[in-house]
Amino acid sequence: PGGPLLHFFYQEEPGSVSNWKDLPGYMVKNFQYMATHFGPYPYPHFSFAQGGDGGMEYPNLTLITGDRRLGSLVGTSVHESVHNWYYGMLASDEGSYPWMDEGFTEYASTEVMRALFPQQGTERPHADATAAYLKLAASDEHEPMSTHADHFRTNRGYGATAYSKGEFFVDQLGYV
């Protein structure tokens with residue numbers, strides 16, 4: 001309602017079917033929340049397909065592995081779909097500025113998940129990102145946010161900088 005037509009493609013496997021059948025209701029709420037708080041999705045359709053080796057975003061499509069707990073399926077679906085607001089509409093360059101794509105996506109995803117699962121929310125929803133950033137800052141794996149995605153020395157340094165430090169940045173900017 002009020003957004004794109006959502007499509008869901010998955011294999012009916014034991015253990016994952018009920019979660020995939022519950023996913024559409026959550027994704028409708030995801031797109032409605034994003035439209036209200038971050039701007040409407042401008043394209044007429046979006047698809048969620050079982051596939052890949054985790055979760056990966058593409059224009060108007062996300063691939064997600066199938067056999068997941070409901071919270072994991074919803075969380076990954078939210079995160080991967082929200083990428084379409086950043087690299088898809090704002091055209092952030094994930095290679096040159098991974099913190100903009102992943103960090104902004106993490107920030108918005110945390111906000112959406114808090115709305116979808118209010119009973120699991122904390123008083124400070126971005127506290128995990130703050131803690132991860134502070135741990136990174138105290139380590140020898142801290143690198144500048146301007147580091148190209150392919151040039152980080154370690155995967156941990158990339159992940160903590162792009163995801164956690166990026167989310168921390170947006171959270172702190174919200175305070176200003």
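Q: What makes Phe169, Leu173, Tyr175 and Val176 a nonpolar patch on the surface?
A: In this predicted model, Phe169, Leu173, Tyr175 and Val176 together have about 520 Å² of accessible area. A patch takes residues with over 30% relative accessible area and no salt bridge, and nonpolar side chains are joined within 5 Å. These four residues form such a patch. One of them, Leu173, is found in helix α5, residues 155-175.

Q: Why is Ala91 called exposed?
A: Its relative accessible area is 57%. The word exposed applies over 50%, so Ala91 counts as exposed. Ala91 is placed in the loop between α2 (70-90) and α3 (98-116).

Q: Where does Asn60 lie, and what is its phi?
A: Asn60 lies in the loop between β3 (55-58) and β4 (61-64). Asn60 also has a positive phi of about 65° and is not a glycine.

Q: How do you know which residue classes line the second largest pocket?
A: The lining includes Gly2, Gly3 and Gln32, as well as Leu6, Val28 and Trp85. Leu, Val and Trp count as nonpolar, whereas Gly is among the polar residues. By class, the lining has nine nonpolar, three polar and no charged residues.

Q: Which helix gives the most to the lining of the second largest pocket?
A: Helix α1 (residues 17-38) does, with four residues. The space in this pocket is about 160 Å³.

Methods. Residues are numbered from 1 along each chain as its sequence is written. This is a predicted model: local features need pLDDT of at least 70, side-chain atom pairs count only at pLDDT 80 or more; totals for chains, interfaces and linings use all residues. Side-chain values use heavy atoms; hydrogens and water are left out. On a 1 Å grid over the protein atoms alone, a cavity is a set of points where a 1.4 Å probe fits but cannot get out, and a pocket is an open set with protein on both sides within 12 Å along at least five of seven lines; lining residues have an atom within 4 Å of a point. Grid points are joined across faces, edges and corners, and a volume is the space filled by probe spheres set on the points. Helices (H or I, at least four residues) and strands (E, at least two) are DSSP runs, numbered from the N terminus. Patches are made of residues with over 30% relative accessible area and no salt bridge: like charges are joined within 9 Å, nonpolar side chains (Val, Leu, Ile, Met, Phe, Trp, Tyr) within 5 Å. Accessible areas come from the Shrake-Rupley method with a 1.4 Å probe; for residues, only the protein chains shown count as cover. A salt bridge is a side-chain nitrogen of Lys or Arg within 4 Å of a carboxyl oxygen of Asp or Glu. Buried means under 20% relative accessible area, exposed over 50%, partly exposed in between (1.4 Å probe, protein chains only).
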